[in-house]
Amino acid sequence: MYDKEHFDDKHRRKQTVTLAIKLFVMRIYHLRYHRRYLHIFIVFGFIILFYLLLKQMLPEQYEPTLILDNERHLFIRLFKENDLNRKHLRPFRILSGSLHYFRVLPQLWSDRIEEMKRAGLNTIETYIPWNLHEPDRNNYKFTEGLTDLSSFLKLIHQHEMFAIIRPSGYICAEYEWGGLPSWLLQDNKMRVRSTHPGFLDALKKYYSVLLPILSEHQYNRHGQGSIIAFQIENEYGSYGEDKDYLRAIHSMYVEYGLDELFFTSDGARDLSRGALKDVWATINFQRNIQENIEQLMVFRSHHHIMITEYWTGWFDYWGGKHKTGSKAAYPAQKFEKDLEEILLNSKYEISINFYMFFGGTNFGFTSGGHHFPSQKYSPLVTSYDYDAPLNESGDRTEKYFAIQRIIKKFYELNPKLIVYNHRRSNDDTFEIIETKPSKKASFGKIKIFGYKTFEQLLDDDILTNKCEIHDGPLNMEQIKINPQTGTSASQGFIVYTNNNMEYYLKEKNTEYHITIKSIADNALILANGKIIYKSLCTENFIRFDLPSNTKNFTIIVENMGRINFGPTLDQSRKGILDKVLLNDTIELKTWTIHTLEFRKGMSSITDWNHMNIEEKNAEKIHDLNHGPQLFYAPFHIENEQSIADTYLSLDSQWTKGVAFINGFNLGRYWSIGPQRTLYIPKELLFKGFNHIQLFELYTYGKYVQLVDTPVIDA
């Protein structure tokens, strides 16, 4: 359709441009009589052209999104439709929650983020585990499954949330070796979290891959990302005070393009040890709010107060009691009262991150352990429910509703502090949205169909890796499962076998014993294929009798999780860590070593031995006297609508081992509790054929169960 007004405007613009060109040409023509001015004009033009070219060649300078003043205020620079250059500073309060993308299936990331936003949060915080993204040296994983970090960060942006990232090599987090990759321990002189060249060189190489990815997702990249802050190290003050090490990390961040706000976080007693002079210092704690805040104020009185970790609950150890608080029970009522003090009644402006908001699950072999100088080694359970506001299956708990109520009151008092990550110029609002708990399913008893003996498992080239050594034994980290790439064993089980014991046991009427001064963690000892000794992870030194007729002698060692916190981080090697001595004098050096890491091949196992337990013995506990076995329990789901989250329940017939659903490693189970069920997300189930597998160490039964209610506090 013809638009005369539009045509006239276009015609007028064309006339204006034509007139400007004519005037410019006439000016040049006139200046030919004034060569001096012409030369100046030409030089000036070249200067402008050079400046424009240089500006294109130099990297763009980005300003941090968060601004700290010296009066304890926090401001944010936002890209808005009416402020694309971010000239306007807005008061801001970080209301954040911890969500570890590596503890929940990627299919559920979006749901967890949205639920956190519905609680009133504006920010998602996460660690990045080095051992997840570089499981083997120079083998980087960032593009699929739990490792797809970019997809997670994009989801945060799509949900209009901000992000705080904690990418230090060490993360703690009750995670396997605090997120550090076990291959670092191939260096016998390794000193992690230090300026030890072997550590810093490996960290920098990892950062050369990771940090450019994070750089692209910073908010100050024209609002295309969500990241507004980065942590330097993690509670470093509880471990050391090497400022050169902290500055080295700071330099790497800058070198690889991170330019949003940096911060450190420590407990109240460790603030000075873990902080840098010109870096935002924040605090971690639970309860005793005034005391902890005042200690931060004494240390840094002029900066905005940030609680980087306000612990919503606590974690559990195998064999311990279920905990809801770090020192005592922390029910929702007390939690809400404390949160009220922080956000509504404090004389200070305080930002907060709830650690954890959603805990999730330590799938596979990812749970860590603690080992303090005055205590024995204590491994952590598979569930990381943490008594968090969202429980392990993502359902709201009473602590969720407490946060939601307090934040709603906070926003009613401070409506201008409702801020989300988008470009719309209108003011944001917050409304409470009700949801229902996710559906849970009970599939009842499932019969064990078949099993594989321990010998059959060791003969499976897909499940195991095998090597022969003559100067052993070696610890797990020294065992090369791929000599070409240098890949070493890191998780699961190590099996040491000596098939030449007759050479040493020539005197049949002599008593023999074996001594191993250092071993980690659980151990099972077999002589001629029969179990003769068992030790627990709390026993580092073992000594046992060996029958004089022993021909072959096997030591099975289970890695229960490397230490994730404390001064003994470097003492995290697994397997046999010292000499194996016969009668305290003869060193056994020749071994056949198998590693059972269960990384692949679980769904391809066939030719199961048929299990035949009569119904009258169905309740009986059956001992595994000849070593661990792998059990197989297939089942069918007829109706797709009946697929829902469920829990694997193992009664007292099953003692200790690892469970799999359709080939996916759910994690460890142990009858000593407090966790007695394993969470199975519905995304791991299929319409039709499904199967459960159990690698059991000690005892077995006829059935397992899938129930609709978790038991993590037995």
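Which residues does Tyr703 touch, not counting residues up to four places away in sequence?

## Tyr703

Tyr703 touches Lys445, Ile446, Lys447, Ile448, Glu615, Ala618 and Trp654. Contact here means heavy atoms within 4.5 Å. With Glu615, the link is a side-chain to side-chain polar contact at 3.0 Å (N or O atoms within 3.5 Å, one able to donate a hydrogen and the other to accept it; residues adjacent in sequence count only if both atoms are side-chain atoms).

Tyr703 lies in strand 40, residues 703–707. Its relative accessibility is 17%, so Tyr703 counts as buried (under 20% relative accessible area, with a 1.4 Å probe and protein chains only).

## Basis

This is a predicted model: local features need pLDDT of at least 70, side-chain atom pairs need 80 or more, and totals for chains, interfaces and linings use all residues. Numbering starts from 1 along each chain as its sequence is written, and side-chain values use heavy atoms, without hydrogens or water. Strands (E, at least two residues) and helices (H or I, at least four) are DSSP runs, numbered from the N terminus.

## Strand 6

Strand 6 pairs in the parallel sense with strand 5 (residues 123–127) over 5 bridges. Pairing requires at least two DSSP bridges. Thr123 stands opposite Phe162. Strand 7 (residues 227–231) also pairs with strand 6 in the parallel sense, over 3 bridges. There, Ile165 stands opposite Phe230.

Terms used:
Buried means under 20% relative accessible area, exposed over 50%, partly exposed in between (1.4 Å probe, protein chains only).
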